[in-house]
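Colleague: I have just been handed this one and have never looked at it before. Could you walk me through it?

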There are 2 protein chains.
Amino acid sequence: MSQVGPPQAALVTVGNELIHGETVDTNAAWLAQALGSLGIPVVRVFTVGDVEHEIQEAVSAAMEVAELVLVSGGLGPTPDDLTKEAVSSLLGLELCLDKTLLAGLKEFFQSRGYRLSPNNFSQAEVPEGAVVLPNTRGTAPGLLLEEGSTLVFLLPGVPRELRGIFEEHLELLLNQRFDGRTEPVHHRMLHTTGIPESRLSELVSQHLPRDMGPLTLAFLPDPRGVDLRISARCANAEEAQEWLTKLENLLEPIIAKWGFEASTGDITEALNRTLSERGDTVAVAESCTGGLLSKRITDQPRSSEVFLGGIIAYQDEVKISQLGVSRLAIAENGAVSEVVACQMASGVAERLGASTGIAITGVAGPGGGTLEKPVGTVWVAVSLKETVEAQLLRLVGDRDAIRVRAAQHALALLYRRLGYAEMKA
Amino acid sequence: MSQVGPPQAALVTVGNELIHGETVDTNAAWLAQALGSLGIPVVRVFTVGDVEHEIQEAVSAAMEVAELVLVSGGLGPTPDDLTKEAVSSLLGLELCLDKTLLAGLKEFFQSRGYRLSPNNFSQAEVPEGAVVLPNTRGTAPGLLLEEGSTLVFLLPGVPRELRGIFEEHLELLLNQRFDGRTEPVHHRMLHTTGIPESRLSELVSQHLPRDMGPLTLAFLPDPRGVDLRISARCANAEEAQEWLTKLENLLEPIIAKWGFEASTGDITEALNRTLSERGDTVAVAESCTGGLLSKRITDQPRSSEVFLGGIIAYQDEVKISQLGVSRLAIAENGAVSEVVACQMASGVAERLGASTGIAITGVAGPGGGTLEKPVGTVWVAVSLKETVEAQLLRLVGDRDAIRVRAAQHALALLYRRLGYAEMKA
């Protein structure tokens, strides 16, 4: 393989569970992202079963197109784990017992109150000349083999272990090895919610400079919103950060109306932080989302600083008895209505003693829709001091999608409302 | 490729988003399962970017190892969608405009209030001799090309569309084509929760017959429980069902203590059904799970038949004011204690007027743990008529895992409790 210009990688993922479709291959995507960030693009992924000649064919094909080959899976202690044997024999290497590894394995098992089984002995065998990359999270170490100028890494298939070995050893190794040849990609994420990808892309593209230099832009949509990933490919890290800051400053005012800042990409992180900074607390009243809205808020560590609690009022009687919604309001407008949503939001805030309240009432389906209020009709409301504000949503998708979108809209509504209150203050 | 014995398939998944790791490839696993069920094992998966020669190399390699090749992705209307062009040119086929397809596309856009853009014209072009497989969920149809005895299918990369075309066209086509050569695999799923995979596997293997005939068994663990998938590979469907019933009858009494029946694999389906059959209703009181328990129950359509509502009592004051937990009990035992869990379960059932109640109170972390009650300490309780029963859990994992496991244990506790009540009656 070419050894000038940026190095390229190919992945081989091994496992009957992958080829039979029992397990979705998340290692390939994770490795591709991690290598991409180091400036090493992945150009092929080969997936094969636990079959010696298939592993060998795939590794050979990978070595033909890339000077860096990462093989994952098939390093376990059972007889159907064949990767180490297959690759050693492909490269003409003998397997030898590594005494340091064996001692480590014995300790690993003893500390957990088990004895080393004969099967596990095979995990202490390494191909001659291999560099051992210790696995602090499991029993199969990573291995580095060199064949001419090609690097072949063998990694365990368990995602936690693979990621651990990558972060603890590979990053440094690859940076040293390919120093000067890579142009690492530096990323920043700008998060938005409440604007469709096509509209956001239209808006943004109107303002982009014709010459983007080393910058690229990707729109990453999911049911909760659209992330804008801006990337700069530069050998010099400082220069990359300057480019990124320039683009970020350009984009921020354009997306401000829908944007939020959160390292996790979750608007609840931004919402909880804002509530905490303001000394506010929140209580939640939910009907069709059935607990999802509260779960979202409490997904965040330290949510107990701002979240007091919630009432899931699935039945009308619970809305009346636990939230103080008026029976008349339900009779006249139905439970899915602006007035009921508002009464739920202020009712829960009052009863739980919170300074803000969020409420959702809607038809998530599959049943329960009417001509006037079809499935997807959802009212969200937020209360803040003496004011209550409601919003009507007409959502599409199945039950799950409608619930996810309703919760996201409700969270965004409170977050924006706090932002406006801030600006006025 | 060999045309005796069971046919084999190879997959080619195409897309820069796959090779860069922005999207996890779920199509490969879905197709492998779907083909496996038809008795057609997948033997290789090749993943490449939107690059013409890479697509061609992968399709060639796939055609060398399998007589059935499925290519997914790269059929969209934008210039980086190259699959159709790449495969046509590989097989020496011209692209021709298909007038029926073009008319259908125009209608598709008109019905949505859009006009056909010039880009979309390319989606009406098909390789000469191709069989068009209509896509009822999007604009890119599936295509079937034959090269000698090899079948090459081109499918859109959008999972909904790919699955639709597979179910509406491919299943029938493949069954006809390979009639008599396949031994379809018939599956049944037995669901368990509350027993670790290693213990279940030990228990089960003690009782398996030495000669399993056409039967195989797989343990599929996830954080909620372990599924036992039993499979029979038989040309004759009736014979397969007989084998499966025999094994199921053998296994059922062994796993009864942890088993449940649910087509979705979700214990809330079994729980809601049992509640409904008994004429029972349920209310939920949650602390550390923060809404997850209620969300799980309301994930099920028609949960409103049995679920009245819930109270998320994140703060102690809310436990006291909304659930009637005694201030003294909290002061003496802490909020994470047997007595508080029991008071929460009976309190919520009473206040919401439900015949059963479930409660969870615990330390999900990362903060909040003490020496006596470390992170992972969780009490779950269920109330049923005049009885309340609690269970102490010591869970491992991060915040998310602890919450998922706590909710699952609480649901299982009520489900088992109803089962015992049933047996006594």
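Predicted model: local features only at pLDDT ≥ 70, side-chain atom pairs only at ≥ 80, totals over all residues.

Colleague: Which residue is the bridge partner of A:V48 in strand 2 of chain B?

Modeller: The partner of A:V48 there is B:R44.

Colleague: How many residues does the contact take from each chain?

Modeller: Chain A gives 47 residues and chain B gives 47 residues. On the side of chain A that touches chain B, the elements with two or more residues in the contact are helix 2 (26-37), strand 2 (42-48), helix 11 (292-298) and strand 14 (307-313) of chain A. By class, that side of chain A has 24 nonpolar, 17 polar and six charged residues.

Colleague: And what rotation superposes chain A on chain B?

Modeller: A rotation of 180 degrees, with 0.1 Å of shift along its axis, places chain A on chain B with an RMSD of 0.2 Å, and that is the relation of a two-fold axis. The same surface serves both copies, since 100% of the contact residues of chain A recur in chain B.

Colleague: What order do the strands have in the open sheet of four in chain A?

Modeller: The order is 10-11-9-12 in chain A, and the pairing is antiparallel. Strand 10 (215-222) and strand 12 (259-260) of chain A are at the edges, and each has a single partner strand, so one side of each is left without a neighbour in the sheet. Further in, strand 9 (residues 185-192) and strand 11 (residues 225-233) of chain A run antiparallel and are joined by eight bridges, with A:H187 standing opposite A:S231 in strand 11 of chain A.

Colleague: Which helix packs on that sheet?

Modeller: Helix 8 (residues 197-207) of chain A packs on the sheet and touches strand 9, strand 10 and strand 11 of chain A, with its direction at about 160 degrees to that of strand 10 of chain A. Helix 9 (residues 237-255) of chain A lies across strand 9, strand 10, strand 11 and strand 12 of chain A, and runs at about 15 degrees to strand 9 of chain A.

Colleague: Now some backbone details. Where is the place of A:P366?

Modeller: A:P366 is in the loop between strand 15 (356-362) and strand 16 (377-384) of chain A, and a cis peptide bond, with omega about 0 degrees, joins A:G365 to A:P366. In chain B, a cis peptide bond joins B:G365 and B:P366, with omega about 0 degrees.

Colleague: What is phi of B:K385 near?

Modeller: Phi of B:K385 is near 50 degrees, a positive value in a residue other than glycine. B:K385 lies in the loop between strand 16 and strand 17 (387-394) of chain B.

Colleague: Why does B:K385 count as exposed?

Modeller: B:K385 counts as exposed because it has 10 C-beta neighbours inside 10 Å, and the cut-off for exposed is 12 or fewer.

Note on methods. Residues numbered from 1 in each chain as written. Chains lettered and ligands numbered in written order. Pairing = 2+ DSSP bridges. Contact = placed C-beta atoms within 7 Å. Axes fitted to C-alpha atoms, helices over the stretch in contact; angles between N-to-C directions. Least-squares fit on C-alpha atoms with pLDDT ≥ 70 in both. Nonpolar A, V, L, I, M, F, W, Y, C, P; charged D, E, K, R; others polar. Buried ≥ 20, exposed ≤ 12 C-beta atoms within 10 Å, placed from the backbone.
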